[in-house]
Structure formats: C-alpha cells, structure tokens
Amino acid sequence: MILALVAEASAQGLSEHRACQVLGLTPRTLQRWRQPVPALPAVPRPRPVNALTRPEAAALVSIIRSPQHADQSCRELALSLGQGIPAIPVSHVTVWRYQVALACNGPRERQRHAHPLGAPDTDWVTGPNQLWDYDVTWLTTLERYHFLYLYSLLDHFSRKIVAWLVRDTFTSESLRTLWDHGLLNEGLLEVPRDQWPHALSDRGAQMRAYSTRQYFEKLGIAQLFSRPRQPNDNPRTPAPPQVRVEAHFGTVKTHPAYPGQFADVPEALTYFTQFYDWYNHIHPLTTLHTALPLPPTRYTRVS
C-alpha cells in the first residue's frame, strides 16, 4: 500500500526522498521492501531422539484399541506401558495425542469448542423401543471409598426400565451386558435390526470407548450423545414432565424405602429387584395415570 502511494506521488513529480520524509520513512526502507524475499532452502526436520519407534507406536495403538484397556485414561495407559514387558517409556500427553488421532477417547479436559456441539435430536421419538437412555450411578457401601455401580437402561418414551445391573466396577463390558439384557427382555432379537432402538448417553469414557462403539456398530445401533456437561440434553419430549436418566436416579435415591448404603452386590440386587418391580408395574410412568399408588414397604437390611 505504501509502495503504491510513493509510486503515485513520484509519477506526479514528487521525489522519493520527500515522500519518505512525509511518511516518516527512510529511503533504505523502501529499497528493502522492493527487494524480493529469498526463498529459504527446505531443510528436513531431524527425528527427535526420544520419538517412539515404529514397533513402539504399533504397540501403543494396539493397547489403545484393545477392549481390556478401553476404560483406562491416558495417564493409566502411559503407566501400563512403562511397566510392561518390554517397557515403553511414553508420556500421557503422547498417549492422549494418539487417542485423539484414533478417535478412541479424545480430550478429557474442560475446553471451549470453536463450534459448540448441538443437543441431540429426540423429537422423532413417538413410541416405545425407539430410543433408549442409559447411564450409571454410584451406590454407597458400608466400606469407605468403595462404591457399587447401578446400570440403568431407560426407554425414552415410556420411561420403563428395560434392563438394569449392579456391579462393583464401571466398565464398557458391563454396558454391553446391560444392552444385551435389554434386547432380550424386550424380545427384539426377532425384530429386524433397522427397528432396534437408538442409544442415548452422556460422553463418559466408557460410553465413548472403542469397544463400546464397536459393539453398537456391529449391532447397527446409532449412538447419540448429549453435549459436554449438559445433563438436560436427554429429556423426554414433549414436556411436561421433563424426564431423563439423571432424574430417574433421583427417583431411585429419594425413594422412602431406599436404604442409603449396601453391604455388597447381593444385597443391592435384592433391593433393586423389589424396587424395579414396583417402578415398572405400579409407579406411574406416563401422564395417563391419575393417582399415585402407595410406595412399597420400607426395605430393611438383614444384618
């Protein structure tokens, strides 16, 4: 732009020296701007001495994609590789970058998306067994820092619990077992797969694990995910009432018969067998019910 103005002024009789004085520049600056920029020679980038070798990178990829490591974070994977035989010293940042490249777990930190993710579309749900919501909640035990996990599979339209599990671990394998029970309980194995329900969940590591995605792809079930840190993305529509899996867990833990703590898995199974029988067959699940029946008798723990 400045060179064009100086050239225009020179064409009208003004000297370059005077034009440089007006613009606050030196003639040397104009000469330097007019010189072509020399092209730098292409220098190959040396390979870092601490870069992973091809066998080490292949071992890292196989571990990230393996089902037995699907629930481990990037730090846990880096620790497992460092203690393996042979040991592969790798940082958790490198593992995280490989996870992002393979689309296996992706970034876990809080971040701002340049293009915010949209809420999942559930307006197309008009009947039962079209969309199932699933999630996991902690159950307090008598032992400190030890928890049980309640897996629930909820029909998005009718709010019926089609399957549930109680485990002492939170794994993608248990999620797959939960869905197997749901398909068996609803008798969908004889139904064409294009009529099977879709899956809706949050963005937990077990829900986005490679083994979980591979399971749904094998069955032809589409996965829907809520936005990060947006538990209101999976409500029942139309409202009222807004019902979601988190609200269901609120119903579970605020029930008058809820014991609050469980000694072990068999005790939790005993309670939830009674609770879900009441929830599915007595508790009103739609607005068609006009009266709220009495809850079951308070559950007492056998010591």
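**Salt bridges, a patch and a helix pair**

Guide: Let's start with E186, which is partly exposed at a relative accessible area of 21%. Here buried means under 20% relative accessible area, exposed means over 50%, and partly exposed is in between (1.4 Å probe, protein chains only). This is a predicted model, where local features need pLDDT of at least 70 and side-chain atom pairs count only at pLDDT 80 or more, while totals for chains, interfaces and linings use all residues. Residues are numbered from 1 along each chain as its sequence is written, and side-chain values use heavy atoms, with hydrogens and water left out.

Visitor: Which side chain meets E186 in a salt bridge?
Guide: Side chains of opposite charge can pair when their charged atoms come close. The cut-off is a side-chain nitrogen of Lys or Arg within 4 Å of a carboxyl oxygen of Asp or Glu. E186 pairs with K160, at 3.1 Å from N to O. E186 sits in the loop between α7 (172–185) and β4 (198–201), and K160 in the loop between β2 (147–155) and β3 (161–167), so the bridge ties together parts 26 residues apart in sequence. Helices (H or I, at least four residues) and strands (E, at least two) are DSSP runs, numbered from the N terminus. K160 is partly exposed too, at 33%.

Visitor: How many salt bridges does the structure hold?
Guide: Two. E16 also bridges to R34, with the closest N and O atoms 3.1 Å apart. That pair links helix α2 to helix α3 (residues 27–34), with E16 and R34 18 residues apart. E16 is partly exposed at 36%, and R34 is as well, at 42%.

Visitor: Which residues make the nonpolar surface patch?
Guide: Patch members have over 30% relative accessible area and no salt bridge; like charges are joined within 9 Å, and nonpolar side chains (Val, Leu, Ile, Met, Phe, Trp, Tyr) within 5 Å. Here I2, L3, V22, L23 and W33 make a patch of about 420 Å², with areas from the Shrake-Rupley method, a 1.4 Å probe and, for residues, only the protein chains shown as cover. α1 (2–11) and α2 (16–23) each give two or more residues to the patch. V22, in helix α2, is exposed at 57%.

Visitor: At what angle do the axes of α9 and α10 cross?
Guide: Two packed helices are described by the angle between their axes and the distance between the axes. For α9 (residues 245–253) and α10 (residues 265–281), the axes cross at roughly 115 degrees and come within 12 Å. Axes are lines fitted to C-alpha atoms, for helices over the stretch in contact, and angles run from 0 to 180 degrees between N-to-C directions. In contact terms (heavy atoms within 4.5 Å), H248, T251 and V252 of α9 meet Y271, F272, F275, Y276 and Y279 of α10.
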